[in-house]
Amino acid sequence: MDRLKILLLTVAVSVHQVTSQDSTDESPVKISRPKITVNPAHVVLYNTETVTLRCEVPGELSGLQYVWYKNSADLGEHQPSITARGSGNYECKAKKGASASDKSDSYTLTLTDPPKAKLTANPDLQEFFPNEEVNLQCQIEGGSSGWTFYWTRNEWTSEINGDLKITVQQANSGEYSCKGQLNGRQVTSQQSNKFQLNVRELPEPQIQSDWTEAFLGEKVSLQCVIQDDSKNWNYLWFKDSKKININGNPLTRSVKSSHNGAYECQAELQGRKVMTAKSTPHSLTVHELPQPKLSIESQWNTFYPTEEVTLKCSVSEDSNKWGYEWFKNGAQLQDKDISLSGNTLFISSAKAGHSGQYTCRGKHLTRTSVTTTQTQAVRLQINDNTPKPSITKRNFKFFYTEEQVQLYCNMPEDGWEYYWYKDKENLRNTNSKLTIESASVANTGHYHCKVQRGDFSVDSETVEVQVQKPPEPQIQSDYTDAFHGEKVSLLCVNQDVSQNWNYLWFKGSDKIVSNDKTNINGNILTLSVESSHNGAYQCQAKLEGRKVMTAKSTPYLLTVHGPQPTLVLEQDPSDSEIYTEEQVELNCRIKEKTSQWIFLWRKDSAEVKVQDHIYTIPSADLSHDGTYTCQVERKETKFLSKDSKKLTIKERPQPKLSLESQWTMFYPNEKVTLKCSINEDSKNWGYDWFKNGAQLKDEGISLSGNTLFISSSKADHSGQYTCRGKYLKRTSVTTGLTKAVQLHINDTTPDVTITKHEWFDLFYTEEQVQLHCNMPGDGWKYHWHKDSNPLTTKPEFTINSVSLTDTGDYHCEAKRGEFSVDSETLQVRVKACPPASLSLETELSDIMTGDVTLRCNVSDGRQWNYTWFMNGQQLNESSNVLKVTGNEETIQSEFKCKGINTERPLYSALSDGFTANNIIFKRKILLAISGCLVCCIVILIIGCIVLKITRKPEVKEAAPEDLFFSMTDSKNQTVSPMKEYMDNRPTELEECQEKEELITDRASAVHEDGVIKDEATSASETNGLMSFKGN
């Protein structure tokens, strides 16, 4: 009996081990042949873009590894997608464990070089003038469709289309090129050929003419000149700003009164729409011919023989520009006895033949074709005889002291008495000759004589006698200092230039005689300078034919220096580098104090047409860069000494104004920073700031170095800001203004707005919550918060599957820099979706057939449809009961379900998963075990009955009857053998019960999946039988 119990226990343990064993063996997998796909999938691919190759295996297999090949060589790549490594033949295959697919078909990948861009210009000229138009066109070889073009000029790049139309200005100068970028792809063409755009300032025409004034009838010519330009120009003419209908050059006019005015010319370039500015006005003044006047110098018109007659012809305006023609009785005057000098007609000795009608007219001295009309006639009457005496003297203009002076009074015929007068004072001399033996200055005066015969007397003409001291000569020269080899001329100047004087020269006390180094010619002493010529010079004059000698002149000091002058070339400003548009002065200074120099300037090897010792460059440009050399000459002597200065001209740097933030619109109290930068030598530059074109004077703006800082912006700070550099060493040097940066400061700060997508007061779990945060302007960063906890920094906040933990208060914060604005707060409330429960219903028929019946239930009181899932894939079943046929696939699959409704919540929660595993096999084992248990219990009962019967009975008094014990004789109380055995062996029955409970526990352990549940009655109460009916 004990062996039977042990056998039953061994069988139960073995059954448990069988039911708990899992299969771990993995069977081979068949992998389909993969296919290579390419992204992007363009017809032509370029070697500058990223090309992705993907190895696609048909079917849904997980856990695959990949092997890639290029030109049959292993690339060492094991991902489903790789980046192509240039052109070639690519293959791939897939592996899983020991299983592998075949290689894919070879995919030939060809990557080509990007095409080249071509730039053309229309018109294609070497230089342009301002406001001309030039069209630049960028084309891609093979076609320009689908390309975006980039234009480059020097360092500036912009993105526009393939055609660039430029209205030329000086700022457009530069080297242009272009390239294209293929839309939607990382492909950039090769850079195009380069086009140099040279912009030249329009030349300024000038009118050249000697005519600034003219008289009626003269021919005037005006020439319009454009310097240093050989182009074909057409010329337009203007008078007093109105166009003249005369073209061509020069402009020639026969002067009329209407031609008076200011003339301008303008040039137009042939074949191009290029027009210069008008020239500087050239004034032409048209004069009416003046009317001369003829007058007689005496108060009478009747003269006596030998009297002097003077007529004067006068033109009131600019008389020094006019000569005169004289006429007598209508014919041009040709009388040798009449003297014509300037505007004067002089008859020194009148006679009867001089009588007649006299007229004159003016004749312009420089324009001899210009003559006036004749004057009204003046009549002269000369008598045949005159009783007037004549007075004569030696024809000296001056008499010098100690000279003899003689005056003669003469009257035709005899019997005349003579009386001499000096300044109307009777000299008491009655001779016809008046002699002063040794004249003095006191003898200067007007002398005349009067002759008298009878009662008739006639006074002679007055003769002026001037007596003066001999003149004091003076030495004049352009030289006070000289160098060896120079030709120095000393001029002895005598105040009386009307006389013939001879001159003597002295150096110190020594008289100078002419030789090869000192030459005397008249009043000029010429020296070929050498060291011995240093000293003081004097001159003296002697009047030729008269005993008159001057005193010596004041000494004239001539300083002789060395062989060459010492030159020093100075530059102002003295800096080694000069910026364009600065004024530069080069001063060529001679250390020796000398004068009368001509300065010769050269730039590099070219001569500069400046002869002053200061060479001024009023506005430097790059063409002035070079080495400047100064040399001097005086008169005909050129010296070898010179000095040079290297002048370096550089462009003024162009500052750049940048806004430190990426946005130009600000709100109150935001910080704003602008920086003005100059690339070269920034430490040598200061900065001027401008707002709306005026220099900045806002007390709320801080300026430090190259930085403009607004610590708390406001609306008044809005405007266009520019800056320029100011050279600290030379404050007159400033750069141009930068391009303007527009700042816009709003009056108020807007609120941050939150946009809600499909908003509900109450969300159910697994629904989507989507919020969008927006703030006007650029540069904002968004920070989302739940309660006080940060979430994300994106403008959109999305909860794809909301859960109960997502309940709370949400808001976003817009922030840029140190400035931030908070939005309103939104409350999100989340409620759990109703749960779906999945239960297993097992009947006896399911156990016999191996099928499984599952039920899905959502218990919220509404009508639900249901969706079933096997291994995550939706099944075509919508009822609440799913009948699963037992086979190898379904046994290993996981089943889930959830409810579907037409009103929110639209879905229930997904149920817990159920996996059949080996439940069917376990059910059969459990059925067999249950049968065995029933058999064992029956055997036990039978065994107990057999024992009771076969045991020898014992008689015991008052023993109660028992089913398992023999009845006792009422007299001797004999005990039943079964009862005796039971009394003597109580432990055996207890051991049987323990083993019975162990078997029951092992059977209960089979229900490890938790789906099959015990009935209300325990195994001990039902003798170890279990119910397979589901709840």
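A salt bridge here is a side-chain nitrogen of Lys or Arg within 4 Å of a carboxyl oxygen of Asp or Glu. I am working from a predicted model.

**Entry 1, salt bridges.** I searched the whole structure and got 27 salt bridges. I then looked up Asp 105, which pairs with Arg 33, their closest N and O atoms being 2.7 Å apart. This pair links distant parts of the chain: Asp 105 sits in the loop between β8 and β9, Arg 33 in the loop between α1 and β1, 72 residues apart. I checked accessibility too: Asp 105 is exposed at 54%, while Arg 33 is partly exposed at 46%.

For Lys 321 and Glu 213 I noted 3.5 Å between the closest N and O atoms. Lys 321 lies in the loop between β28 and β29 and Glu 213 in strand β19, so this pair ties together parts 108 residues apart in sequence. I also found Glu 325, Arg 361 and Lys 363 linked in a network of salt bridges.

I counted 34 lining residues, with Arg 153, Ala 171, Arg 652, Pro 653 and Gln 654 nearest the centre. The lining divides into 14 nonpolar, eleven polar and nine charged residues. Which strand gives the largest share of the lining? I traced that to β14, with three residues.

Seven bridges join β13 to β16, antiparallel, and I found Trp 151 opposite Cys 178 in β16.

Technical notes
Residues are numbered from 1 along each chain as its sequence is written. This is a predicted model: local features need pLDDT of at least 70, side-chain atom pairs count only at pLDDT 80 or more; totals for chains, interfaces and linings use all residues. Side-chain values use heavy atoms; hydrogens and water are left out. On a 1 Å grid over the protein atoms alone, a cavity is a set of points where a 1.4 Å probe fits but cannot get out, and a pocket is an open set with protein on both sides within 12 Å along at least five of seven lines; lining residues have an atom within 4 Å of a point. Helices (H or I, at least four residues) and strands (E, at least two) are DSSP runs, numbered from the N terminus. Ala, Val, Leu, Ile, Met, Phe, Trp, Tyr, Cys and Pro count as nonpolar, Asp, Glu, Lys and Arg as charged, and the others, Gly among them, as polar. Two strands pair if DSSP finds at least two bridges between them. Buried means under 20% relative accessible area, exposed over 50%, partly exposed in between (1.4 Å probe, protein chains only).
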